[in-house]
Amino acid sequence: MATTNTPSTIEDNLRDASTGYDYIFGDDIENARKILGARDSPFHQMGLGTVIFLQAALGMEEGFMAEATKLLTLADTSVKGALKTQGKKSNTRFPAGTEFEILQADLVLLLGLTQALSESYMGYVKCLYSLNSAHGSFSKIFKRVFPHGLDGYSHMTGSPSASRKPSTASLRAQFTSASSLPRPSSLVVPAAAAAPVQRPGFLSRFALSTPTSPAASGTTTPTHIEPEGHLEEMIFYGAAFGFGMFNLITLLTYQGVKLLTSGYQANEDELIDQLDAIVKDLEAEYPHGSLWLLNRAKIQRYQNNPPAAIATLQGGLGPSRPVKFVQADALLVFELAWVLIAERRYTESAEMWLKMKTLNGWSHATYTFMAAGCFLDLQTPEADQKAKELLDSIPGLKKDMGGRELPTEVYITRKLGFWKRKQARWQASGRVVEHYADCIRINPAEEFALFWNTHGRIPKITAEAHIEHFLSLTPLVQISTPYSLEAGPLSPGGLPDLDTPDELACRDLILGITHRSAGEFVVSRRFLEAASSTKFLCDDKWITAMAHFELAVLDMREVQALARRQSIPPPPGGGLKTKWEAAIAAASGSLDQATATLGDTDMSSRLESRIAMLRDELELNANEQIILAAQSKTEANGGAVELRRRLIGTKKNIEDAEPGCSAFRVTRYDKLCVIFEEYEDTSAIHYHFESMAFRTFMDAGKGILAK
């Protein structure tokens with residue numbers, strides 16, 4: 001039965017669909033489908049399409065993808081029909097049909113993403129067109145709903161900003177960071193001071209901070225209205241969420257991927273803080289949500305803490321979680337499999353890779369290949385036999401993508417041929433080699449993990465274990481390292497473990513990355529330079545490009561480590577800044593070399609994207625100007641006046657107090673003081689926190705700042 005557009009019906013449908021969305025974000029897909037499939041309102045149809053889209057996107061299942069497209073298209077048709085029958089009379093204080101325009105923009109976005117998941121060129125083109133269209137719609141709606149911006153809405157501006165310029169840094173101790181600096185007429189109350197309230201609305205769950213009313217904050221802002229009822233709440237939060245969704249997606253996906261795979265981030269600590277704030281809020285509201293567990297584990301990986309990430313993922317996959325979302329849980333298993341490889345826990349990793357074959361229909365050949373590599377490194381007769389069986393099964397598992405091979409499977413096919421040729425060489429030398437797996441010496445899973453930067457964020461002790469293993473392979477490395485071992489025995493018949501330039505270069509590459517993770521930068525550079533200059537590579541030509549890329553990462557990481565080691569750094573403009581400039585220049589040159597040698601090599605598109613991400617970080621670092629916006633609350637009314645006086649007194653002469661500070665302004669109101677500062681670069685902000693001016697102010701603020 002068709003739905004009507006009466007205010008009461010729309011309100012009722014919205015309220016009911018909101019319950020379905022709560023189930024989605026709590027991982028209860030079964031109940032979400034029941035509720036969202038029970039009615040045919042645009043809200044329900046979009047919700048049901050979203051459920052299937054998530055299952056399709058996370059599980060890469062072709063059947064789900066077709067169903068998702070069908071349901072989202074049906075919802076789009078329903079929304080367009082609702083807009084036509086809406087008329088000029090509005091159900092809210094906003095223009096007629098605004099609620100359906102928000103739904104339509106959401107649907108355009110979701111339909112565009114389904115096009116991208118087709119993995120075709122035209123699919124990506126259509127996706128980009130849809131994203132551009134959705135962004136235009138959200139921008140128009142945002143301006144209509146918030147003509148004066150979000151300054152008057154403390155619960156909207158409290159969310160972490162995804163913007164890289166300006167960026168937000170913690171001002172330590174008594175300061176509470178703000179994501180944007182409000183105008184003097186609209187001061188923001190710290191999110192921590194707000195009382196928690198329920199957010200039951202359709203899109204209000206995406207507001208990542210707690211609402212507080214202007215009355216509660218002592219602030220009056222006549223230029224904005226507060227929502228009344230579920231429908232206005234949906235418009236209110238939907239407009240803000242839609243406009244900010246691209247920033248949210250950027251933080252949780254693109255910036256997260258950059259943290260893990262680019263190897264270096266200009267504002268790493270700040271980005272991790274922003275991600276952590278978002279995930280904490282989502283965890284609090286949906287404690288059993290797989291996607292939030294996944295992002296919590298990723299944050300722990302960003303922080304070089306794989307053991308904590310493993311504990312988080314294993315806890316999420318354990319029996320204590322009451323609700324399961326199979327496709328989302330597959331991402332937890334996938335992430336866990338990678339982290340276990342990094343930690344050299346090969347038996348557990350192999351189990352996870354094999355489990356992936358039961359969770360989705362993506363490349364079973366890739367999962368099997370990774371499991372086989374893990375079993376090989378266990379070096380037991382039973383594990384060797386299991387690895388051989390798995391490797392032999394791979395040709396029959398390859399996925400048909402309409403005449404195209406998946407990039408991972410192209411790589412795997414070539415590696416199988418490489419090992420079979422090695423087997424033939426060894427047999428020609430008089431050695432009995434019954435299976436090509438018997439001549440594999442570099443763990444295939446370890447090698448393939450390089451494309452995911454698995455070894456780039458591991459603790460020193462784990463890096464050292466990797467180093468010792470690869471140093472034990474013959475022939476002995478010629479580069480001096482603190483972890484040097486005695487030469488091991490050659491294989492029977494006098495054959496070394498590694499007998500091709502490809503294998504030797506791969507070992508150098510892995511040793512370069514792991515020495516960097518262990519903090520041995522000088523030795524790391526020697527290994528990476530050796531890998532980047534290896535000649536006569538036959539199969540693994542990607543190694544040259546990746547070695548140049550890793551040299552660029554090393555250039556930046558080395559100076560970053562130097563800056564972090566200096567408890568009281570030199571003033572900006574001194575030696576550290578010169579080192580940053582030199583590192584950026586050297587890293588840019590290495591990336592140019594990586595691009596020039598990349599060509600049509602294995603997994604070239606993945607490495608190409610990593611190069612682009614790192615180049616973006618270099619540009620940010622080279623042109624960086626950090627803007628800090630912070631606020632501080634005082635104990636008594638009028639305390640902000642005294643705090644402002646002391647601040648200005650401390651930094652009366654900015655150039656003398658903090659050479660890297662180019663601007664300093666203070667706004668005060670009642671108990672609240674808002675501080676705005678601009679700094680030239682990373683070293684300047686680092687110097688700020690250790691400067692005498694900062695320490696003097698913190699001392700001067702005692703007795704005034706609120707506890």
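Predicted model: local features only at pLDDT ≥ 70, side-chain atom pairs only at ≥ 80, totals over all residues.

Visitor: What's the average pLDDT for the chain?
Guide: The average is 76, and 70% of the residues score at least 70.

Visitor: Where is confidence lowest, and where is it highest?
Guide: Strand 1, residues 176–177, has the lowest confidence, with a mean of 30. Helix 16, residues 381–393, has the highest, at 97. Also, residues 154–223 stay under 50 in pLDDT. The model has 176 contacts beyond four places in sequence for that stretch.

Visitor: Good to know. Switching to side chains: where does Glu 446 lie?
Guide: Glu 446 is in helix 18, which covers residues 444–449.

Visitor: Is Glu 446 buried or exposed?
Guide: Glu 446 is buried, and it has no salt bridge.

Visitor: What else is Glu 446 in contact with?
Guide: Beyond its neighbours within four places in sequence, the contacts of Glu 446 include Ile 341, Tyr 346, Asp 377 and Phe 470, along with Arg 344, His 455 and His 466.

Visitor: Tell me about His 455, then. Where does it lie?
Guide: His 455 is in the loop between helix 18 and helix 19, the latter being 460–471. His 455 counts as buried because its relative accessibility is 1%.

Visitor: Which residues does His 455 touch?
Guide: Not counting residues up to four places away in sequence, His 455 touches Glu 446, Ala 449, Leu 450, His 466, Ile 513, Thr 514 and Ser 517. There's also a C-alpha distance to look at: His 455 and Leu 511 are 56 residues apart along the chain, with 10.0 Å between their C-alpha atoms.

Visitor: Now Arg 345. Where is its place?
Guide: Arg 345 is in the loop between helix 13 (326–342) and helix 14 (346–359). With 30% relative accessibility, Arg 345 counts as partly exposed.

Visitor: What does Arg 345 touch?
Guide: Leaving out residues up to four places away in sequence, Arg 345 touches Ile 310, Gln 314 and Leu 340. C-alpha to C-alpha, Arg 345 is 9.4 Å from Leu 378, and the two are 33 residues apart in sequence.

Visitor: Back to salt bridges. How many does the count come to?
Guide: The count comes to 28 salt bridges. One of them joins the side chains of Glu 335 and Arg 301, at 2.9 Å from N to O. That pair links distant parts of the chain, with Glu 335 in helix 13 and Arg 301 in helix 11 (residues 290–302), 34 residues apart.

Visitor: Are Glu 335 and Arg 301 buried or exposed?
Guide: Glu 335 counts as buried at 4% relative accessibility, and Arg 301 counts as buried at 7%.

Visitor: And how about Glu 405 and Lys 398, what joins their side chains?
Guide: A salt bridge, 2.6 Å from N to O. Glu 405 is partly exposed at 40% relative accessible area, and Lys 398 is partly exposed at 34%.

Visitor: Last pair: what does Arg 441 form with Asp 497?
Guide: Arg 441 forms a salt bridge with Asp 497, and their closest N and O atoms are 3.0 Å apart. The pair links distant parts of the chain, 56 residues apart: Arg 441 is in the loop between helix 17 (407–428) and helix 18, and Asp 497 is in the loop between helix 19 and helix 20 (501–517). Arg 441 counts as partly exposed at 22% relative accessibility, whereas Asp 497 counts as buried at 10%.

Visitor: Which residues do salt bridges that share partners join into one network?
Guide: Arg 414, Lys 415, Arg 421, Glu 447, Asp 539 and Asp 540.

Terms used
Residues numbered from 1 in each chain as written. Heavy atoms only, no water. Helix = DSSP H or I, 4+ residues; strand = E, 2+ residues; numbered from the N terminus. Buried < 20%, exposed > 50% of the residue type's maximum accessible area, 1.4 Å probe, protein only. Lys, Arg positive; Asp, Glu negative; His and termini not counted. Salt bridge = Lys/Arg side-chain N within 4 Å of Asp/Glu carboxyl O. Contact = heavy atoms within 4.5 Å. pLDDT = per-residue confidence, 0-100.
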